[in-house]
Amino acid sequence: VIMEYGRMFHERVISAAPPKAPWPTDVSIPFTDYGEIIQSMPLSIRAMVGLLALEVHRRRSMTLNSWKELRQQVKSGKCTLIQNSNGDVQRIVVVTALRLTDKYGLVFAQ
């Protein structure tokens with residue numbers, strides 16, 4: 001996990017340049033949030049991190065059915081769970097938005 005995290009972080013540092021992203025600074029490097037890096041890792045690593053976070057969350061309060069459903073979502077890659085710096089568990093899902101326009105700028109809607 002550590003090696004993969006380091007590899008992903010390095011990729012973001014060397015690719016942080018306009019026009020894809022602002023230049024990195026001493027304070028900030030674009031797209032290096034813990035959740036962003038974990039979400040971009042292979043499913044096997046995301047699942048491991050997510051299942052560990054799920055165990056933390058289960059101990060706090062969760063019904064067995066909810067726990068089983070969330071566990072299946074983590075294992076299948078439908079979502080990722082992480083434990084943030086405050087110790088809270090966060091659920092991450094990837095959302096893709098698509099905006100289609102024609103040559104006149106009209107938006108396709110259905």
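The expected span here is 1.5 Å times one less than the number of residues, while helices (H or I, at least four residues) and strands (E, at least two) are DSSP runs numbered from the N terminus. Please keep in mind that this is a predicted model, in which local features need pLDDT of at least 70, side-chain atom pairs count only at pLDDT 80 or more, and totals for chains, interfaces and linings use all residues. Residues are numbered from 1 along each chain as its sequence is written, and side-chain values use heavy atoms, with hydrogens and water left out.

- Glu4, Met8 and Arg12 are the buried residues of H1, where buried means under 20% relative accessible area, exposed over 50% and partly exposed in between (1.4 Å probe, protein chains only).
- Seen down the axis of H1, these buried residues fall within an arc of 75 degrees, so they line one face of the helix; the arc is taken from the directions from the helix axis to the C-beta atoms.

**An aromatic pair**

- One aromatic pair turns up in a search of the whole structure.
- The rings of tyrosine 5 and tyrosine 34 have centres 6.1 Å apart and planes at 40 degrees, so the pair is tilted.
- For such pairs, rings of Phe, Tyr and Trp (its six-membered ring) must have centres within 6.5 Å; planes under 30 degrees apart count as stacked, over 60 as edge-to-face and the rest as tilted.
- Tyrosine 5 is partly exposed at 26% relative accessibility, and tyrosine 34 is partly exposed at 33%.

**Threonine 80**

- Threonine 80 sits in strand E1 (residues 80-83) and counts as buried at 0% relative accessibility.
- Its side chain makes a polar contact with the side chain of glutamine 39 at 2.6 Å; a polar contact is a pair of N or O atoms within 3.5 Å, and within protein one must be able to donate a hydrogen and the other to accept it, with residues adjacent in sequence counting only if both atoms are side-chain atoms.
- Beyond its neighbours within four places in sequence, threonine 80 is in contact (heavy atoms within 4.5 Å) with residues including Ile38, Arg46 and Ile92.

**Leucine 54**

- Leucine 54 belongs to helix H3 (residues 43-60) and counts as buried at 1% relative accessibility.
- Leaving aside neighbours within four places in sequence, leucine 54 is in contact with Met62, Trp67, Leu70, Arg71 and Leu81.
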